[in-house]
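Here are my notes for your first look at this one. Keep the structure open beside you and go point by point.

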Amino acid sequence: MLEKGRISAFQMAVIMHSTVLATAILLLPSITAKYAQQDLWMSPIWAAPLGALAIWLAVKLNRMYPKESIVEYSESILGKFAGKIIGLVYVFFLLYANGLIVREYAEFLVGSFLPRTPMIVITGSMVLVAAYAVYNGIEAIARTAIVIVPVVIVLHVFGALLILNDLKAEELFPMFEKGVLPSLLGGISPLTYLGQFIYITFILPFVRDQGRSLKWGMWSLASVLFIMLLSTLTTMMLFGDLTSRLIYPVMISSRYISIADFLEHVESLTMAIWVGKTFIKIAAFYYFSVIATAQWLKLSDYRPIVLPMGIIIVIYGSWIAPNFQLLMQYMGTSVVFSAFIVHFIIPAFLLIAAKLRKGFA
Amino acid sequence: MRTKFRMLLLSAWCLAAFTLSGCWDRIEVNDLAITRAVAIDQGPNDLLEMTVLVVVPMQGGIGGSMSGTEGATKAPTEQQQVVVQSAKGRTLAEALSFLQLQFPRRLFWGHTEVILIGEELARHDIRSQFDYILRHPQLRIRSRVFVTKGRAKDVLFVEPLMERDIAESLKEGAVINEALDVTTKEFAQMLIGESNAAILPYVNMMSTPAGGNMSQTVVYIDGAAIFKNGKLVGTLDQKETRGALWLRNEMKRATITIKPGEHEDYISMFLLRSETRLKPNISGDQWQIRLRGDLDLDVYENATDLEITPEITRKIEQATSAEVERRVEEVLAKAQKEMNADVFGFAEAFHRAYPSIWRKNKDKWDEIFPKVQVTFDIQAKVKRPGLIHQPALLPRDEIHKNMEGPEHGHRTSSGQKR
């Protein structure tokens, strides 16, 4: 097997918490508010069952092929040729997703704090650090996540508490003003993020206690949902209709904090949350990408391709969109569909095919 | 392989160490001019005039004053120098770029506490100017916004009497007095809100004698400026502004003076807590708002000959409710009939309570608002009489425990306790 390390199902849950949440947290409220308006906080709830479906699909397939990832068992299920094509879809989609994530990370830092810093410096340095984590395997990523994630969750709750005084609950009303549809449409964006739970397929083969992976997967989903609710509710109650016009409402809300003229300018808190979480996310996606490629090429070791893949990711980050406006448009349109296929349709199709095969054999 | 990778990591580490320590956006504090207040005025030929108040932290107090090109430099207060400069441009960003040329340090917006809008500019559409304020990554949307009587620029030249600069003085004036206090965020929310109306504190200046031939200028908040569709349409005086605060549930500090019943002397009370809510109701074509209020008060001064018994307390409470109603009606008359500007959140209240009726009628809000009927349900509660319960210095036989007594109201020596 490519990976020598073993992690627990709990560690998997911690990695996935920040892998799913990281980039979602800053952009999500604004994108969702465009559709859902004051019902914005319901949108993640609508998307949650599909997130659970992604976890269930990955775990079910893992039960049938406990030592393989989706790139490998697609060959066992569909035969060599069709399986290789499915594998290639994941190899390329993961690279694409990696580019997107690295770009989103850099866009926030450049757009809000470091306007003149070349983007390549920000993406390059982050990918380099992530490369070291990936090179040391899943155990290293898991342990880093165990250190970073609790701190980040505490910072998040702390940030929400500090702004409590400025929140107005009436901004959430009237609920269901235009029916359920707006909040359902708003759910499309969280769906893209929650669907990323399917990538536990690359971690599950290395989980020691696979029996508990479904349970911990669901806990991970619950924790993601909690933070999503926290951030959508606080931004809506603070900004109301203004939410959809701001690009980073969560960051702006941390800037709005002012406790007794003393505790102010805590946007560095948001920056810390952002960098910490995104590091785990980039390292995890980088790892998925490298493992998928190594499995697809049937390499005996994934380490030689870590750095070359990193260079590709940095370049993808620059190529993926000429400007922020187009990046946001991709996120709201084409990425929604391609992600839905990769996160739900293909795994569901594989599970049905595998069940049929077992039935006939 | 492994050593190669390590070598690579080492070189990468060195690279990172060099670049991370001083990135492109590094600015030393002593290269910054920290902007505390911005004033925006209408200049000639459709240009905007932007004036900034900048503090320059100094090492040790340097006395004397220098003179700027267009502005003036004021004497430093202790360890801080205040500089006021202005420049003109077609947009705020352009004015800023000209302004920057007058400074040897980079202007930094992160600590801007106060944004002042000149009255003349406010009469034009100010929504386009506020785009810059929300879009610029350095500006914090907690800055307070004010409209000034006359030119906003002039306020920045005033020497504050107590605070270290005029920005602090205005900000603290709004906060300490718990008067109308609007941040950029709240102003933006009002501008894009259902009613297209907004309210901002209105700043005025006053000269007071300061001994000899000297005089000093005081900057203070003198009521409120009302905006409709982004344009200034009128102002409220201080009393009317208080009425607006009751409606907006922003009244946190007040001294209420009333005459209990028909009595000719006054009782003053201090507001401990107040909570007001708008209860909308639509029946047929009649749109109504019920102002529900809960007030807790303490008596601070009793100039009457009444002892504050439970019975008298009820009378005082009724008079207090009536006083609040009168204040609110005053401002309503002006806002509904003269300005047609809903700065009290009526539109949002109707929207929340009657979403479907609201959707059908929201385009007609300008016709509906002047006709909205306001009723009152104000519950004032006088919690305690201060530290004494009987009038302090009146002889015992002149004190009344109720208002029906024969001598009531005939006391002529009412001046003795003024």
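1. Start with B:Gln189, which reaches over to the other chain: leaving aside residues up to four places away in sequence, B:Gln189 touches A:Glu171, A:Leu238, A:Phe239, A:Gly240 and A:Leu242. You'll find B:Gln189 in helix H7 of chain B. Is B:Gln189 buried or exposed? B:Gln189 counts as buried because its relative accessibility is 15%, and the cut-off for buried is under 20%. Do remember that this is a predicted model.

2. Now zoom out to the whole interface. Chain B puts 28 residues into the contact, and chain A puts in 34. About 3,100 Å² is buried between the two chains, with carbon and sulfur atoms giving 58% of that area.

3. What about charges and polar groups here? Two salt bridges are found across the interface of chain B and chain A. Have a look at A:Asp166 and B:Arg142, whose side chains meet in a salt bridge at 3.1 Å, N to O. On the side of chain B that touches chain A, the elements giving two or more residues are helices H1 (2-21), H6 (166-176), H7 (184-191), H10 (346-353) and H11 (355-361) of chain B. The largest share, five residues, comes from H1(B). Sorted by type, that side of chain B has twelve nonpolar, six polar and ten charged residues.

4. Next, the insides. The largest nonpolar core has 139 residues, and A:Tyr199, A:Tyr286 and A:Phe288 have the most contacts inside it. Helix H11 (residues 267-296) of chain A gives the largest share of this core, 16 residues.

5. A:Ser74 deserves a stop. This serine sits in helix H3 (residues 70-78) of chain A and counts as buried because its relative accessibility is 0%. The side chain of A:Ser74 reaches the backbone oxygen of A:Val71 at 3.2 Å. Which residue lies 280 residues from A:Ser74 in sequence, yet 9.0 Å away in space? That's A:Ala354, going C-alpha to C-alpha.

6. Back to chain B, which has twelve helices and 14 strands. Of its 418 residues, 50% count as buried. Among contacts in chain B between residues at least 6 apart in sequence, 68% join residues at least 24 apart.

7. Last, some salt bridges inside chain B. B:Lys334 pairs with B:Glu240, with the closest N and O atoms 3.2 Å apart. This pair links distant parts of the chain, since B:Lys334 is in helix H9 (residues 310-339) and B:Glu240 in helix H8 (residues 238-247), 94 residues apart. Both B:Lys334 and B:Glu240 are buried. B:Arg384 and B:Asp298 form another salt bridge, at 3.3 Å, and this one joins strand E14 (residues 373-384) to strand E13 (residues 286-302) of chain B. Here B:Arg384 counts as partly exposed at 45% relative accessibility, whereas B:Asp298 counts as buried at 10%. Finally, trace the network of salt bridges that links B:Arg277, B:Arg292, B:Asp294 and B:Asp377.

Conventions: Residues numbered from 1 in each chain as written. Chains lettered and ligands numbered in written order. Predicted model: local features only at pLDDT ≥ 70, side-chain atom pairs only at ≥ 80, totals over all residues. Heavy atoms only, no water. Contact = heavy atoms within 4.5 Å. Buried area = accessible area lost by both parts, 1.4 Å probe. Salt bridge = Lys/Arg side-chain N within 4 Å of Asp/Glu carboxyl O. Helix = DSSP H or I, 4+ residues; strand = E, 2+ residues; numbered from the N terminus. Nonpolar A, V, L, I, M, F, W, Y, C, P; charged D, E, K, R; others polar. Core = buried A, V, L, I, M, F, W, Y, C linked by side-chain atoms within 4.5 Å. Buried < 20%, exposed > 50% of the residue type's maximum accessible area, 1.4 Å probe, protein only. Polar contact = N/O pair within 3.5 Å; in protein donor to acceptor, adjacent residues only side chain to side chain.
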